[in-house]
Amino acid sequence: MKSMFFSWTVALLLLAVSPAFAAKVDTVNVWSAAMKKNIPAVVITPEASGDAALPVVYLLHGYSGNYADWVKKVPAVQELADRFRMIIVCPDGGFGSWYWNSPLDKGFQYETYVAEELVKWVDGKYKTIAGPKGRAITGLSMGGHGALYLAMRHQDVFGAAGSMSGGVDIRPFPKNWDMAKRLGAYAEQPKRWEEHTVINQLHLLTAGSLALMIDCGTEDFFFGVNEKLHEALSYRNIPHDYLVRPGAHNWAYWTNAIEYQLLFMHRYFTK
């Protein structure tokens, strides 16, 4: 729904009275058999988690970023892990993977890595709620695209997905952000581009099959494609939260947006 800003703000203010703790931040290396290399990730675990199994949110970075972006640029994610009692995993998605399995480059098989290899590793190393009811994914920009793309294609893995300023339709940007390196030129591989864009994955959804939250600022260059995704989801009667407010494609916006995203995931995990 579009007019939810006030209710989301009230909910966050109420949760803000929770006591502050000190989450643990680990940097790990996870072997990818698909890409034949170790890939780093940050894993944030809430303090004093004890023996309780915890839900996991996979938090993806954007184009040209890396696994450390979120903890370096938004240190508050550590407090949010404590507040919402969840594990947060920040994978490395390469400089410009778009979280696809590239048909052109065997060194860019990030759909397999994130949705299969990393999830399996995390469930084996941490006490998690291992299933879609305890697993969510979100991200910013390229990572917003990646989160929705992976969740829609792997609904047996992720039960909830979000996007912040996501590039949810790649087709208007055929020469940007290394996408042609991963897929081939749009003019030469139009079918491939059609198959690798989020907005063309909606046929995989049924009402309620995936909890969805989409968030984009009105001054963002991806605002238009997010509006169209919202309209397409509404046309198909796919429930989703759609949060719009003033803001551009920058860390000031994402620092604010991540609280709403993790509150949405928390509500999904605890309903």
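The following dialogue explains how terms are applied to this predicted model.

Tutor: Residues are numbered from 1 along each chain as its sequence is written, and side-chain values use heavy atoms, without hydrogens and water. In this predicted model, local features need pLDDT of at least 70 and side-chain atom pairs count only at pLDDT 80 or more, whereas totals for chains, interfaces and linings use all residues.

Student: What makes Trp70 and Trp251 an aromatic pair?

Tutor: Rings of Phe, Tyr and Trp (its six-membered ring) pair if their centres lie within 6.5 Å; planes under 30 degrees apart count as stacked, over 60 as edge-to-face and the rest as tilted. The count by this rule is 16 aromatic pairs. For Trp70 and Trp251 the centres are 5.2 Å apart and the planes stand at 80°, an edge-to-face pair. Trp70 belongs to helix H2 (residues 69-73) and Trp251 to helix H9 (residues 251-270), so the pair ties together parts that are 181 residues apart in sequence. Helices (H or I, at least four residues) and strands (E, at least two) are DSSP runs, numbered from the N terminus.

Student: Why is the pair of Phe173 and Trp177 called tilted?

Tutor: The ring centres of Phe173 and Trp177 are 5.3 Å apart and the planes are at 50°, so the pair is tilted.

Student: How do you know whether Trp70 is buried or exposed?

Tutor: Buried means under 20% relative accessible area, exposed over 50%, and partly exposed in between (1.4 Å probe, protein chains only). Trp70 has a relative accessible area of 1% and is therefore buried. Trp251, at 22%, is partly exposed.

Student: Why is Lys133 said to lie over the face of Tyr268?

Tutor: A charge sits over a ring if NZ of Lys or CZ of Arg is within 6 Å of the ring centre and within 35 degrees of the ring normal. Lys133 lies over the face of Tyr268 at 4.6 Å from the ring centre. Arg182 likewise lies over the face of Phe108, at 3.7 Å from the ring centre.

Student: What makes strand E5 largely enclosed?

Tutor: In E5 (residues 135-139), 5 of the 5 residues are buried, so the strand is largely enclosed by the rest of the structure. Arg135, Ile137 and Gly139 point one way, while Ala136 and Thr138 point the other.

Student: How do you know that strands E3 and E5 pair?

Tutor: Two strands pair if DSSP finds at least two bridges between them. E3 (residues 56-60) and E5 pair in the parallel sense over 5 bridges. Tyr58 stands opposite Ile137 in E5.
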